[in-house]
Every structure is written in structure tokens, then in C-alpha cells.
Amino acid sequence: MSRRSPIPPSPLPQRDGVDAARVKLPQGAAWATVRDHLVERLAAGAGVIDGMLDAGRVVDADGRAVPRDMAYVPGMFVWFHRDLPPEVPVPFALDVVYRDEHIVVADKPHFLATTPRGSHVTETALARLRRELDLPALGAAHRLDRLTAGLLLFTVRPAERGSYQSLFRDRLIAKEYEAVAPYDPALALPRTVRSRIVKERGVMAAREVEGEPNAVSDVELLEQRDDGLARYRLRPRTGQTHQLRVHMTALGVPILGDPLYPVVTGPVAAGDFRRPLQLLARVLEFTDPVTGRAHRFVSPRVLQAWSSYEEWAG
């Protein structure tokens with residue numbers, strides 16, 4: 001059985017905390033030149049690709065510029081930096097709550113994506129931390145939805161990233177969330193919710209379907225108020241996309257500020273940071289797989305709809 005060749009390191013430095021894009025030329029393909037493949041593979045258009053090649057912005061593993069007429073070589077890697085449109089800055093602090101030589105734990109605000117994806121690239125927790133902490137090799141051990149605030153675990157050394165990711169894969173990390181949602185006196189809590197959740201590519205909202213459960217969440221009432229709101233503690237035992245949001249909606253108490261559940265609303269304009277989703281990743285607790293140290297981190301954030309509903313709703 002043949003072993004895969006290691007991926008060469010990027011010959012291009014990061015830009016604004018973002019890695020250069022990497023493209024591997026497929027095996028068994030019939031393009032005459034690297035340029036022909038990039039034109040077909042990327043959505044930028046032939047004119048943009050030609051301009052990048054002519055400007056020397058596409059390079060090989062040795063950092064040499066790829067000319068327009070370079071012959072196609074199956075398995076070859078090329079790198080380049082994309083031209084990114086300006087992003088609206090997320091005007092909330094990204095706080096570092098812990099840092100050592102192995103990990104960084106940060107408290108992410110609402111509206112900030114975890115890692116570069118789609119239209120959110122430089123305005124992401126990973127890119128910000130790489131810039132602010134001068135840690136270009138920093139990697140994310142897991143992700144939170146862009147609309148969810150709270151604790152995120154990052155790894156300092158790429159060689160150790162897999163060890164920390166395995167904490168989430170093997171369910172060796174205790175995660176606790178907090179949410180603000182309507183209070184239903186008829187809803188018996190605490191309870192464990194089990195269902196099968198599917199998230200289809202290109203569809204914004206996940207949904208529950210019949211079948212063997214793949215999503216399990218513990219839901220507990222923490223506090224209720226006379227205004228009809230309540231504060232809930234949520235403990236996901238699995239990690240399906242939007243799991244807690246789907247389960248709270250299924251219980252009849254959707255989380256405040258959710259643009260997808262129970263109904264998908266219209267897109268929010270860039271720069272509109274009103275009414276954040278009232279979901280917070282409050283606690284991360286685990287034994288460090290590298291140092292053996294026991295960690296318990298707690299976000300000090302207070303969900304706005306609980307502390308000042310009028311301010312949140314307005």
C-alpha cells in the first residue's frame with residue numbers, strides 16, 4: 001500500500017493572519033498547462049488567472065513564479081493569495097483567557113467566525129489571534145458557529161493539533177453552553193434530547209429526521225423570569241451542526257435571536273450586529289493530552305437578552 005507524499009510547507013508567508021491558498025494538481029488529468037487547470041478549477045475567470053500568473057503571484061513549492069505556459073504536472077502543488085474584498089470589522093473584543101506553550105483559549109464574541117471560510121476570512125478568531133499574538137502557526141482545535149459566543153481552544157504547535165482535536169472526536173472534553181429562550185411551564189426539565197439531525201450541503205438549516213439518533217443534548221432550566229424568558233444550561237454529548245439550536249426549537253423554546261430556527265429569516269446586512277444569538281459556550285473542561293494538566297475554563301460573558309432585554313431587542 002503506497003503512502004501519501006507529505007504536503008510541502010507553503011512558500012508564501014501569511015497575509016493578515018491568513019494562509020495562502022494551496023492547489024494540488026490532480027492525477028490522471030489532461031490539461032496542457034497549469035494555467036488551463038486553474039482557469040477551469042477556480043471561479044475567478046481567465047483574465048484574473050492570467051493577471052496573477054503574469055504578476056508572479058502563483059508559485060510552486062520552491063517559491064518560483066509559475067508562468068502561463070508551465071506544463072501541467074500531476075501531483076504538483078501551487079500557492080497564491082486570493083484578492084479578498086474588504087470585510088466589515090466585528091466591533092467586539094476577542095479575549096484570551098489562557099495561554100501556554102501548547103494552547104490558547106479565547107472567548108469569542110458573537111458574529112466572529114472561528115476560521116476563514118466563505119466571505120469571512122480576515123475577520124475570524126483564528127486570523128485575529130495569529131496577528132495579535134504573533135503566532136502564525138496557531139490552529140483551531142474545534143469550531144463554534146459564527147453567531148455563537150464563547151470559549152474556543154487553539155493549538156500553538158501544529159504537530160500537537162491532532163492530540164487536542166481528538167479530545168472532541170473522542171468526547172473527552174466536557175462542554176457546557178448557556179442560552180436564553182422562552183420559558184414554558186409545561187416543559188419538564190431537566191431532560192435528555194435524542195434525535196437524528198442531518199445538514200445538507202447548500203441548505204442553511206439542519207433538520208431532524210427519522211432514524212438512529214446521532215445527536216444527544218442535556219437540557220436544564222437554570223432560572224426563569226416574570227417576563228417569560230428563561231436561562232438554560234445545555235450540555236451537548238455529540239457534535240452535530242446546529243445541534244443545540246435544533247433541539248431547543250424541537251422543545252418549543254427556540255433560542256432568542258436565531259435567524260434559522262424555527263424559521264429561516266432574510267439575510268442580515270453586513271455590519272448589522274444587533275440582536276445576537278443568545279447562545280454562549282460557557283465552559284470547557286478537559287485533561288491536557290500533552291501536559292496531563294487538568295483544565296477548566298469558564299467564560300465570564302453575560303448574555304445580553306438576560307442582562308438587558310430592552311437593549312438587546314432594540
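Reader: Lys and Arg count as positive here and Asp and Glu as negative, while His and the chain ends are not counted. How many positive and negative side chains does the protein chain have?
Author: The protein chain has 42 positive and 39 negative side chains. With each charge placed at NZ of Lys, CZ of Arg, CG of Asp or CD of Glu, the centres of the two sets lie 4 Å apart.

Reader: What kind of model is this?
Author: This is a predicted model, in which local features need pLDDT of at least 70, side-chain atom pairs count only at pLDDT 80 or more, and totals for chains, interfaces and linings use all residues. Residues are numbered from 1 along each chain as its sequence is written, and side-chain values use heavy atoms, leaving out hydrogens and water.

Reader: How many helices and strands are there?
Author: The protein chain contains 7 helices and 13 strands. These are DSSP runs numbered from the N terminus: H or I of at least four residues for helices, E of at least two for strands.

Reader: Which residues form the patch of positive charge on the surface?
Author: Arg117, Arg143, Arg161, Lys199 and Arg201 gather there. A patch takes residues with over 30% relative accessible area and no salt bridge, joining like charges within 9 Å and nonpolar side chains (Val, Leu, Ile, Met, Phe, Trp, Tyr) within 5 Å.

Reader: Is Arg117 itself buried or exposed?
Author: Arg117 counts as exposed because its relative accessibility is 70%. Buried means under 20% relative accessible area, exposed over 50%, and partly exposed in between, using a 1.4 Å probe and protein chains only. Arg117 lies in the loop between β4 (103-108) and α3 (125-133).

Reader: And Ala113, where does that lie?
Author: Ala113 is also in the loop between β4 and α3, but at 9% relative accessibility Ala113 counts as buried. Beyond its neighbours within four places in sequence, the contacts of Ala113 (heavy atoms within 4.5 Å) include His120, Glu123 and Arg146.

Reader: Changing topic, how many salt bridges does the structure hold?
Author: There are 27 salt bridges, each a side-chain nitrogen of Lys or Arg within 4 Å of a carboxyl oxygen of Asp or Glu. One of them joins Arg35 and Asp50, at 2.8 Å from N to O. That pair links distant parts of the chain, with Arg35 in helix α1 (residues 34-41) and Asp50 in helix α2 (residues 46-54), 15 residues apart.

Reader: Which residues are in a network with Arg35 and Asp50?
Author: Asp36, Asp54 and Arg68 are linked with Arg35 and Asp50 in a network of salt bridges. Within it, Asp50 is buried, with 11% relative accessible area, and Arg35 is partly exposed, with 21%.

Notes: Accessible areas come from the Shrake-Rupley method with a 1.4 Å probe; for residues, only the protein chains shown count as cover.
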